[in-house]
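Please keep the sequence and the structure open beside the text while reading.

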Amino acid sequence: MAKKVEKRYLLPADYMADPSVHVFNGKIYIYPSHDWEDESNVEDDSGDQYIMKDYHVLSIDGDPMTGTVTDHGKVLDLEDIAWHGRQLWDCDVQEKDGKYYMYFPMKDKNEVFRHGVAIADNPAGPFIPQPEPVHGSYSIDMAVLKDNGEYYMYFGGLWGGQLQSYRDNIGIEDPAVNNTPDSPNLPHGDQPAIPSRVVKLSPDMLQYAEEPKPVVVVDEDGKPLTADDPHRFFEASWTFKKDGKYYFTYSTGDSHLLCYAIGDNIYGPFTYKGVILTPVVGWTTHHAIIEFEGKWYLFHHDSKPSGGKSWLRSLKVCELTFNEDGTIETIEGIDE
Ligand code: FUB
């Protein structure tokens, strides 16, 4: 049974989505994608409606439910990235040795998603992009977890996110063409679902330190979730650690849920545990989960303020409750 909880819209004056959230120097910073609408906006199954062209950074003074939200303005523009094609989708930022590293997906000039890195001296930017994408990078939706002094990037997304076009980190079809539910390499029925990926980053934070590995979500019997399971991974990975366990959380895309699975290892496997958030207004659902001053918070987005336009989303936050056994109370996505 999903619980209705108090939620707060964070930035009513602008449309932003896909929040990645971290506490740096005791303050909450939000790294969203910046939704946009113009004449090139076409809604389809490959995500052509998501035409984001820049990133802003937001911060919150104190309590996320009540504190003042500051928009630090534009910190990176598509035009400043040498290899740019289009679409700056969900990014994330991590700190190492006083530098802040932004990881972002963007289509290159061949319409293929690659990962870029941009560096700042301050969590509020500006971020200066590296001249080339990360070697061997592919697909979308990065989230970087710091653990025992190492940094691990989770990534991947189906359909327009192009993940189905890769097996064992090798392209098996043209990602720019096979980017819809009709892609020939999407599994069906009781075939195993396509997993997210995780990869350790190099000490300089600019490359992969190893080959990306599959993040397998299994049921209570240890069997990988199947392609027809409404709880299988689609996009929007976000991993955090609580009481020594790793929580791998994600969006199920076309079944519109935020789900979670728990594991003992950063690489998984993760055992499916349940739904965090039921469907919201709008097609996509995407989130971040953080602990701040002893409480846990879910940041996410919906399309209610834009009247349901899936490509114009608004950021929200609410408290998240853990049960004694480490499971998460399901939150109702639709508010009155
Ligand atoms: O914002 C563009 C895409 O929509 C993101 O990369 C996905 O996670 C979905 O929210």
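In the ligand site, an N or O atom in the side chain of H286 is 2.6 Å from an oxygen atom of the ligand, a polar contact being a pair of N or O atoms within 3.5 Å. The protein covers 98% of the 280 Å² of accessible area that the ligand has on its own, where accessible areas come from the Shrake-Rupley method with a 1.4 Å probe. This is a predicted model, in which local features need pLDDT of at least 70 and side-chain atom pairs count only at pLDDT 80 or more, while totals for chains, interfaces and linings use all residues. Residues are numbered from 1 along each chain as its sequence is written, and side-chain values use heavy atoms, with hydrogens and water left out.

**Ligand site**
- The side chain of D18 places a polar atom 2.5 Å from an oxygen atom of the ligand, and for D141 an N or O atom of the side chain is 2.5 Å from an oxygen atom of the ligand.
- The residues that surround the ligand, each with a heavy atom within 4 Å of it, are D18, Y50, M52, W89, D90, I140, D141, E235, T284, H286, H301 and R313.
- This shell divides into 4 nonpolar, 3 polar and 5 charged residues, where Ala, Val, Leu, Ile, Met, Phe, Trp, Tyr, Cys and Pro count as nonpolar, Asp, Glu, Lys and Arg as charged, and the others, Gly among them, as polar.
- The ligand sits in the second largest pocket, in the sense that more than half of its atoms lie within 2 Å of the grid points of that pocket.

**Pockets**
- A pocket is an open set of points, on a 1 Å grid over the protein atoms alone, where a 1.4 Å probe fits and protein lies on both sides within 12 Å along at least five of seven lines; lining residues have an atom within 4 Å of a point.
- The second largest pocket has a volume of about 300 Å³, a volume being the space filled by probe spheres set on the points, which are joined across faces, edges and corners.
- Of the 24 residues lining the second largest pocket, G47, Y50, E235, W283 and T284 are the closest to its centre, and the lining divides into 8 nonpolar, 8 polar and 8 charged residues.
- The largest pocket has a volume of about 370 Å³, and among its 19 lining residues H22, Q94, L145, F240 and I290 are the closest to its centre.
- The lining of the largest pocket receives 5 residues from β10, which gives the most, strands being DSSP runs of E of at least two residues, numbered from the N terminus.

Methods
Helices (H or I, at least four residues) and strands (E, at least two) are DSSP runs, numbered from the N terminus. A polar contact is a pair of N or O atoms within 3.5 Å; within protein, one must be able to donate a hydrogen and the other to accept it, and residues adjacent in sequence count only if both atoms are side-chain atoms.
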